[in-house]
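Please take a moment to look over the model before I turn to its helix packing and its pockets.

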Amino acid sequence: MYIEKLHIINFKNFEEAKMDFSTKANVLVGLNGSGKTNLLDAIYYLAFTKSAFNASDLNTVREGETASFIKGTFQNSEKSREITCGLQRGSKKSFREEGQEYGKLSDHIGKYPVVLMEPDDTDLIKGGGEVRRKFIDGILSQIDPIYLNNLIAYNHILKQRNGLIRMFNEGKAFDATALETYDHQLVSNGETLFKSRQHFITEFVPIFRKYYDFLVEEKEIADIRYTSGLQEDNFREGLLKSRRKDLALGRTTFGVHRDDFVFLLNDVEIKKRGSQGQQKSFVIALRLAQREVISNHKGFSPILLMDDIFDKLDDFRIERLLELIHQGLGQFFITDARPDRTHGLLDRINVSASVFVVDNGKVSGR
């Protein structure tokens, strides 16, 4: 699968831009702040129905404007599909495939998968469990629509249960029946998510280790350990045991929303002892494994978006990453503030690329 064309209007710092892409390598060059990352984000938006970098859709509308528009043409299995997104301040977001608007945006997730590799990926190591859960949930949501639906339902029920608990916490009379109604729904969806995560991690870890071993010179044992309260208590018992604590704190303290995926190197958490180089190799291996797992499930390669990663890697890891690119990663995009460096690297692996110069919200090919 690949994206053929991109057309954006009033998206972030772009008034308008139209681009025709190579099916293999595409390089966006320009000074920092020129808008290279914003173009990758437009592609990401068409895949996930939201920005990778902005929590609010309105923050993607160009300053001083009231609406934005993104259109992409994707090719897969010799079929071309046009995806459009229109955003108007004060109105509902419109997201369409071949002119047909989605009833639920979640129905779109996974149809046109992308993998984003960017400088802040080390937050996967340094951040809290919610960052790692989001990473794993993001992969599962692209390969398993049922998982995504269960995740959406679970989060909705969790929000309602927390609201009820806060009401009890603030003095409303305790209603065990109402709480147990939410508990039943939470258990039903949560146990399904737990089993899916358990199964997924057994598939993901060997692929991840393969890439980590390839990227490093030393022999180190990299691992990912899934931790969940459901490994010690069944969900219903865990909720009952935590009820007093929940009522005191005003939130649900037991459940799969508190799961974590512990990143280990030689059986020690990498965030505690891993060097900068080890951490970089770890997150690159995570993203490459993400790409392969999605490819295995979908039967085609997702688009790989690599944002300003060469500045963060040493020569050895760049060489190893380029070897993988040479072996075939499908369509990929690279942003770089130093065009000569990128040209030199791609020349070394004999890959021709479409190059786009980005300058203060304007794009030109060369």
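At what angle do helix α3 and helix α8 pack, and how far apart are their axes? Before I answer, two remarks on the source: residues are numbered from 1 along each chain as its sequence is written, and side-chain values use heavy atoms, with hydrogens and water left out. This is a predicted model, in which local features need pLDDT of at least 70 and side-chain atom pairs count only at pLDDT 80 or more, while totals for chains, interfaces and linings use all residues.

Helix α3 (residues 129–143) packs against helix α8 (residues 276–298) at about 20 degrees, and their axes are 9 Å apart. The axes are lines fitted to C-alpha atoms over the stretch in contact, with angles running from 0 to 180 degrees between N-to-C directions. Helices here are DSSP runs (H or I, at least four residues), numbered from the N terminus. The two helices are therefore roughly parallel, a label for angles under 35 degrees. On the α3 side, the contact (heavy atoms within 4.5 Å) is made by Phe135, Ile139, Gln142 and Ile143; the residues from α8 include Leu286, Val293 and Ile294. The contact residues of this pair divide into six nonpolar, three polar and two charged. In this scheme Ala, Val, Leu, Ile, Met, Phe, Trp, Tyr, Cys and Pro are nonpolar, Asp, Glu, Lys and Arg are charged, and the others, Gly among them, are polar.

I turn now to the pockets. The largest pocket holds about 1,200 Å³ of space. A pocket is an open set of points on a 1 Å grid over the protein atoms alone, where a 1.4 Å probe fits, with protein on both sides within 12 Å along at least five of seven lines; lining residues have an atom within 4 Å of a point. Of its 43 lining residues, Tyr44, Lys50, Lys134, Phe135 and Gly138 lie nearest the centre. Helix α3 gives the most to this lining, with nine residues. By class, the lining comprises 21 nonpolar, ten polar and twelve charged residues.

The second largest pocket has a volume of about 230 Å³. Its lining has 14 residues, with Pro119, Thr122, Lys280, Val283 and Lys312 nearest the centre. Here α8 gives the most, with five residues. This lining divides into six nonpolar, three polar and five charged residues.

Definitions and conventions. Angles under 35 degrees count as roughly parallel, over 145 as roughly antiparallel, 65 to 115 as roughly perpendicular and the rest as oblique. Grid points are joined across faces, edges and corners, and a volume is the space filled by probe spheres set on the points.
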